[in-house]
Amino acid sequence: MPAVLGLNFHHDTAAALVVDGRIYAAEEERWSGVKHNHPTRKGTLTTPTRALQYCLEAAGIEPEDVDAVWAASMRPAPAAGWWLAEEREELAALLPAPLGEHLRLLSHHTAHVLSGYLLSGHEHAAGLVIDAGGSSLGSDFGPGRERITGYDLWPDRIDRLHQGMPAIVPGPVGPRRVHSSLGHFYRNLARRVIPPGDEPEGSMMALAAFGDPQRYGTHIRELVRLGDEGEVRIDHPWGSADSSTPLLLDERAWTADNVAEQPEHKRADLAAAVQEIFAESVVHIARHLQRLTRASALVFSGGCALNSHLNGRLAADSGFDTLFVAPAPHDAGTAVGAALYGWHYQLGQERLPVPTDAAWGPNPGALPMTTVPPAYHAFPQLGPELAPTVAALLAEHRIVGWVQGQLEFGPRALGHRSVLAHPGHAATRDRLNAIKKRATYRPFAPAVLAEHATEWFMSAGDPFMNRVATVRRCRADRVAAVTHHDGTARVQSVAADHQGLRDLLEHFRDLTGLPLLLNTSFNRKGAPILRTAEQAVAAAVDLRLDALAVGDTLLLADHVPDPRAASLRTR
């Protein structure tokens, strides 16, 4: 059976291996401890050394057993041709000789879209990729980089049929070429809304629920013009990385340097306006793609596809019957897309089944009893008792670290490296935000048994926690900890074959009548999702969790009674 390796050498450095119809994939940040594995300076390449080693070892193969190696290109350049060869040589030199000799490059956006399409199960789909910027457009489209790219996707071909293009605009010394980015637009404005210390884009999306989009909507809408054939034009410098040019609102100058001086209610109003206009722009492009392709399904990827509120809007308003968001739409996912490209389009292998989980990484290892920390006591080898015991703790509103099976790939915990809690009380949300040192307005997501999802939400969500759904009003008061201020929740649907959460959710439902739990990532502020059992113990102590389950071992804080000692009241 062929083996194909996919790599991303830029931020969100990652490796993915497809062999024997199975994906092994991991992000280098889970070893380095540096979130997004940012290089030391912009443009510096980093090799996913330990992620690559994991993939090979997990699959039981050697580097010489790999048949093809693909990576997403990111080198901006003024013309096509020479730059691909130069970047290939530079990246190949970072790999062991057998792998470097096989290395080939495909465009950044193509790797993004295939990380969704080739796992979507759809025969024919439109593909849309939007991010800050990808590969050079080269001579085919004129100088510039991939910003917005639309595709017509089939099992035997990949047609690029829409490309966001540079524009000629007036400048202080004559006309200038500007290539605006919706990804930069959102990030640029987010840095004027969210104080340093919080991730700008995710925090602004959350804060938008508290604002009035009309307050600044007219002003922000003047910065973004929607034209024929899906065109989006953003006034300079708002579609660039510039966050120093003042944005004038209410006779005040908004910059990244003075964001903390702006009142929070006004920052919420600006966030709401930006979120609404950003979503309108993406829906505008998607509707154009639907007219071009006549496809019933849309596959969405790229950094902007991490915006779960946007994805909920796309699902409802884009004109497509189905929306499939790539399991890992950020840059690490390009490693998966690159590997799948080689597997299917180069080597002619059958597409992989549609996944219901992204547990493609390493196991946590066993928890040695010598690592039991002070103020906790251990219950080893609980076996089948573990899930009902933890369900009982959660029913009593305890907060539990949950480390089970292979590490999930991507930016969101899917029930393998999670912190779990009862979804019923808003006070739990407030406690968790304090524990994780997050802004008080940030929401938490529910993980729900898939067959019960539409009983609690107006749509089913997806397995990768990539879109919001409206909470049914008749149920909202029972799940206050996972219902955001605007009545939405970012829903993870847990299928019958999910190896991390399924059994626990069923036991919790039987105890409480609630088929869902609050699920958030197991990490400290500013750090990546943790990888090992030892890291989980240290984090549980630091976060002051009530309990930690690793494999079939339970650590229980001394202040928490053993839930097996007495029957529990349900909430």
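Predicted model: local features only at pLDDT ≥ 70, side-chain atom pairs only at ≥ 80, totals over all residues.
Residues are numbered from 1 along each chain as its sequence is written, and side-chain values use heavy atoms, without hydrogens or water. Local features need pLDDT of at least 70, side-chain atom pairs count only at pLDDT 80 or more, and totals for chains, interfaces and linings use all residues.

**Ser107.** Ser107 lies in strand S5 (residues 103–107); strands are DSSP runs of E, at least two residues, and helices are runs of H or I, at least four. Ser107 is buried, with a relative accessible area of 16% (buried means under 20%, with a 1.4 Å probe and protein chains only). Its side chain makes two polar contacts, listed below. A polar contact pairs N or O atoms within 3.5 Å, one able to donate a hydrogen and the other to accept it.

| Side chain | Partner side chain | Distance |
|---|---|---|
| Ser107 | Glu146 | 2.9 Å |
| Ser107 | Arg160 | 3.0 Å |

Beyond four places in sequence, Ser107 also touches residues including Ser73, Ser135 and Tyr151 (contact: heavy atoms within 4.5 Å).

**Cores.** The largest nonpolar core has 60 residues. Such a core joins buried Ala, Val, Leu, Ile, Met, Phe, Trp, Tyr and Cys residues through side-chain atoms within 4.5 Å. Leu548 is among those with the most contacts inside it. A second, separate core of 52 residues includes Ile130 and Phe185.

**Helix pair.** H5 (residues 108–120) and H12 (residues 333–346) pack at about 70°, axes 7 Å apart. H5 is therefore roughly perpendicular to H12 (65 to 115 degrees). Residues in this contact include Leu114 of H5 and Leu340 of H12.

Technical notes:
Buried < 20%, exposed > 50% of the residue type's maximum accessible area, 1.4 Å probe, protein only. Axes fitted to C-alpha atoms, helices over the stretch in contact; angles between N-to-C directions. Parallel < 35°, antiparallel > 145°, perpendicular 65-115°, else oblique.
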